[in-house]
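Trainee: I am new to this structure and would like to learn how to read its features one at a time. Could we look at it together?

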Amino acid sequence: MREPVSVSTARREFLKFLAASPYVAALGGVATYLERSASAQTNQQPSDVIASPAEALDVLDFEEAAHRKVPPGHWAYMASGVDDDGTLRVNSEAYKHIQLRPRRLRDASNIDTRISLFGADFPSPIFLCPVSGHKAFFFPDGELAVARAAKARGTLQFLSWNTSTAVEDVNKALGRPVWQQLYAPDSWDACQKMLQRIEAAGCTVLALTVDNTTGRNSETFLRTRPKEITQCTACHTSAAGPTPQERPMYDGINMTGVLAQNPAMDWAFVDRLRKSWKGKFIIKGIDTREDARLCVDHGADAILVSNHGGRSTETLRATAEALPEVVAEVANRVPVLVDGGVRRGTDVFKALALGAKAVGIGRPYIWGLGAFGQAGVERVLEILQGELKLAMGNCGTQKLSDINRAYVATPDWKT
Ligand SMILES: Cc1cc2nc3c(=O)[nH]c(=O)nc-3n(C[C@H](O)[C@H](O)[C@H](O)COP(=O)(O)O)c2cc1C
């Protein structure tokens, strides 16, 4: 995100040099040489910015298009990580250190990406992660636009507890219940009311997020959001951002004196929650074999390997690197899902090869949403699903169960 002055100066000089070069012009101009970043700062030139979803060649094409439309404070919140954004970066970079080992001369005329999870069928293993407050990126439709896109593409949609649209309305737009994410408050009474509400809404899958119970150091967000934030009170009761009272999932729940995320949450709490929730139960935010074992011991039906998209702790450990030890520990007793830094169909393929059953995206669909609403989210899914099929075909795998560890090499990993 922030570059040291010397680096950005050198970069500007280099770009000036490229711009003046006839060779570069012949090869398509400076933009050809620019690496697009997976965080907020893209280097696209104005002429590169896509004007419609159809123009996008990959999901990163949506980033700058969204950047120009989303209010700057909301953009800074979404694009940033914590501390130096190192975990945010390594999540994506890790996939670049995993190589494919394609097998040749296999019939690739029928590529099947269908998946079945907890009895539900989906045409693709790519799912939409829970991301708070979609209206911040596309107003007023927010989560409804995402749900309509997910419906159109048959995609599994997780809904954040901090959604800006009530679960009942999102379920209607999706045409089936979302998989509901939960931030557990420090009041059991409030927690029970939350469970009752989503059960009444028809949800059968709950994902408890466990990776961020004590707050976070959102330094880049604080540096890059507008300095003047008093105008935020036009929509929010506090300039610091939305309070639980503004979130529809807290309606009817007295949050006075209650912490929205319980810093004392432990495995005893998981046991209590597990007993109270009749549906399927996922734990989101697991990064180690030790915790993976505890998840299984404490009755989780699935594990989602995640570091909150680099927004929780600056672990500097990519989820792609954490995934294999979790998969090995779990030994097929429950499905393992993963998210973080997935930007390409080949990334999805690599995660599947490392043992993930399904693979989530966060920021990429928010870019699609911010840029073009429902149509943008649909195109993001279409691109990733298409890229996955291409990777599968060219690697000699026809169906998801064909993909395994033999299709990837991780030469510079320590483990
Ligand atoms: C703006 C934003 C808000 C998020 N809100 C939530 C949330 O409410 N609950 C949650 O469990 N995870 C949340 N996440 C984390 C995502 O579910 C997911 O783990 C992450 O975005 C995946 O990484 P990626 O953005 O690199 O694809 C959020 C992520 C972003 C970028």
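Trainee: How many bridges join S8 to strand S9 (residues 302-305)?

Mentor: Before counting, keep in mind that this is a predicted model, in which local features need pLDDT of at least 70 and side-chain atom pairs count only at pLDDT 80 or more, while totals for chains, interfaces and linings use all residues. Residues are numbered from 1 along each chain as its sequence is written, and side-chain values use heavy atoms, with hydrogens and water left out. Strands are DSSP runs of type E with at least two residues, helices are runs of H or I with at least four, and both are numbered from the N terminus; two strands pair if DSSP finds at least two bridges between them. Here four bridges join S8 to S9, and the two strands run parallel. Within this pairing, Lys284 has Leu304 of S9 as its bridge partner. The chain gets from S8 to S9 through helix H11 (residues 289-297), in a β-α-β crossover that is right-handed, a term meaning that, with the strands pointing away from the viewer, the path from the first strand over the helix to the second runs clockwise.

Trainee: Which strand is joined to S8 by five bridges?

Mentor: That is strand S7 (residues 205-209), which runs parallel to S8, and Thr209 stands opposite Lys284 of S8. S7 is also joined to strand S6 (residues 179-182), by three bridges and again in parallel, with Ala207 of S7 as the bridge partner of Gln181.

Trainee: What is the order of the strands in the open sheet?

Mentor: The eight strands follow the order S4-S11-S10-S9-S8-S7-S6-S5, with parallel pairing. Strand S4 (126-128) and strand S5 (158-159) are the edge strands, each pairing on one side only.

Trainee: Why is strand S8 described as largely enclosed by the rest of the structure?

Mentor: A residue is called buried under 20% relative accessible area, computed with a 1.4 Å probe and protein chains only. Six of the seven residues of S8 (residues 280-286) are buried, so the strand is largely enclosed.

Trainee: How many residues surround the ligand?

Mentor: A residue counts as near a molecule if one of its heavy atoms lies within 4 Å of it. In this model 23 residues surround the ligand, and the closest are Pro130, Ser160, Thr209, Asp339 and Arg343. Helix H4 (72-79) and helix H14 (363-372) each supply at least two residues of this shell.

Terms used
Buried means under 20% relative accessible area, exposed over 50%, partly exposed in between (1.4 Å probe, protein chains only).
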